[in-house]
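Please walk through the sheets, cores and ring pairs of this model. A short report is enough.

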Amino acid sequence: MAASRKRTNALALALAVACGGSDPGPRAAGPEEAAAPEEVERQAAADEVPDPRSPARRIVAWAGDVDRADSDFLAVLDADPESPRYGSVIASVPVGGRGTHPHHTEHRMPSGGTLFANGFMAGATFRFDLTDPEAPRLLGSFEERAGFTFPHSYERLENGNVLATFQGQGPDNVDPGGLVEIDDSGTAVRSGSAADPAAPRALIRPYSLAIVPDLDRVVVTSYDMGEDMGMTGGRRGRTHVVQLWRLSDLSVIATIDLTPLPGGGGDEQPGEPRLLDDGRTVLVSTFTCGLYRITGLASGYPGAEPVHGFGGGGCAVPVVVGRFWVQSVPSANAIVALDVSDPGAPVEVSRLELGARSFPHWLALDEGSGRIVVADRGDGEERLYVARIDRATGELSLDDRFRDPGSGRPGVSFERSEWPHGATGAARPHGTVFVGGE
């Protein structure tokens, strides 16, 4: 059962007990509480799924040294809205490697305090201890696991282990890669190959994943990182498939060909799948800005239905906030919120434009405050922004308090000469996550 549904059930039980087991109905407002009907409706919707967590106190950003003369590093920023240092860089830890191409971290900070982050060009996963975010520690790194190489994305299983995608096999990064379950120490527990004899012509490069424990399923996208980095090894064409796996034995059930959007396009380079709050529905966004609903998840005959097009290209990392899907759309210099109450017919409800020099790519959510950290895809400003979403309406806004101390504009710049670990110059942030706020 999804966490949000658990919170809703708990709230309903508490209300029933407080009111003698009957439906409490709407409470009459006092003179100082009177509100317009639309405001009452908005607040009621916001109260349906309260989140008991407090706002996160830190943001960690996995960053690459721009000129590759110094080590890549993990930076820690003050994300406590009540702090006078809000937006300040307060710690950093170098990894001892240059040009690793810091890419994906986990999307949420795990409860155990160990964060996985990939340096894609190094073919490595770095493990960071963030039990004390103000004193981050590098625990070590690993590359190949179970014969698979070039790790990319990470999701936590219910047992606390990581399920990771690996793009290929061996030092030459050959197709098709697979999934590996890994514990916090970096030890491989089990694995499965993405090879599918039923799809011999498909280019399969496991990229990102969504775990659906209620249905014993994993949805895995296919996007070739090597296409962008001169590492294709003779591969041709673009990916256009999504795979459905069985979680219990890490085996491939089906390889699904995406079809174009009604207006054409959108079906190439599947990027990020996300599980919606019902715990049974998965949507997938593509780098060509299509959005697809995976059908038949519980069966052996799954499919993919195109449900929305964002326009343009480069659409990357989304977050799910209740009934809203928030998508980075760099071609619009914006992030966009869709109401996905009906996953087959999403409706745009808001967009936040960040300026012509911003190409939003990575998004991560702070569940306790509704804040969303926004990182650039790498060809715009080296800058982090924080946005906010209204959980009732989906309206997006910019948190203009999150900024460099003394700066006249929102956002925290990574184009700086000094870091807590030394004078190593400008850096490019990518994978970024909120920490704290239990």
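Strands here are DSSP runs (E, at least two residues), numbered from the N terminus, and two strands pair if DSSP finds at least two bridges between them. Strand 20 pairs with strand 21 (residues 324-329) in the antiparallel sense over 3 bridges. Val 319 stands opposite Val 326 in strand 21.

This is a predicted model: local features need pLDDT of at least 70, side-chain atom pairs count only at pLDDT 80 or more, and totals for chains, interfaces and linings use all residues. Residues are numbered from 1 along each chain as its sequence is written, and side-chain values use heavy atoms, with hydrogens and water left out.

A second open sheet to describe has 4 strands in the order 3-2-1-29, again with antiparallel pairing. Its edges are strand 3 and strand 29, each with a single partner strand, so one side of each is left without a neighbour in the sheet. The twist averages 25° from one strand to the next. Strand 1 and strand 2 pair in the antiparallel sense over 6 bridges. Trp 62 has Leu 74, in strand 2, as its bridge partner.

Now the cores. A nonpolar core is a set of buried Ala, Val, Leu, Ile, Met, Phe, Trp, Tyr and Cys residues joined through side-chain atoms within 4.5 Å. Buried means under 20% relative accessible area, exposed over 50%, partly exposed in between (1.4 Å probe, protein chains only). The largest core has 30 residues; Ile 59, Leu 77, Leu 384, Phe 402, Phe 414 and Trp 419 touch the most other members. Elements giving two or more residues to this core include strand 1 (58-65), strand 2 (73-78) and strand 29 (427-435). Another core, of 17 residues, lies apart from it, and Val 76, Val 93, Ala 117 and Ala 124 are among its members.

Trp 419 has contacts (heavy atoms within 4.5 Å) that include Phe 73, Val 89, Phe 414 and Ala 427, not counting residues up to four places away in sequence. Arg 416 lies over the face of Trp 419, at 5.3 Å from the ring centre. The rule for such a charge is NZ of Lys or CZ of Arg within 6 Å of the ring centre and within 35 degrees of the ring normal.

Aromatic pairs come to 11. Rings of Phe, Tyr and Trp (its six-membered ring) pair if their centres lie within 6.5 Å; planes under 30 degrees apart count as stacked, over 60 as edge-to-face and the rest as tilted. Two of the pairs are tabulated.

| Pair | Centre to centre | Angle between planes | Class |
|---|---|---|---|
| Tyr 86 and Phe 402 | 5.5 Å | 70° | edge-to-face |
| Phe 120 and Phe 150 | 5.5 Å | 50° | tilted |

Tyr 86 lies in the loop between strand 2 and strand 3 (89-94), and Phe 402 in the loop between strand 27 (396-398) and strand 28 (412-413), so the pair ties together parts 316 residues apart in sequence. Both Tyr 86 and Phe 402 are buried. Phe 120 is buried at a relative accessible area of 0%, and Phe 150 counts as buried at 13%. Trp 62, Phe 126 and Phe 128 form one aromatic cluster.

How values were computed: Axes fitted to C-alpha atoms, helices over the stretch in contact; angles between N-to-C directions.
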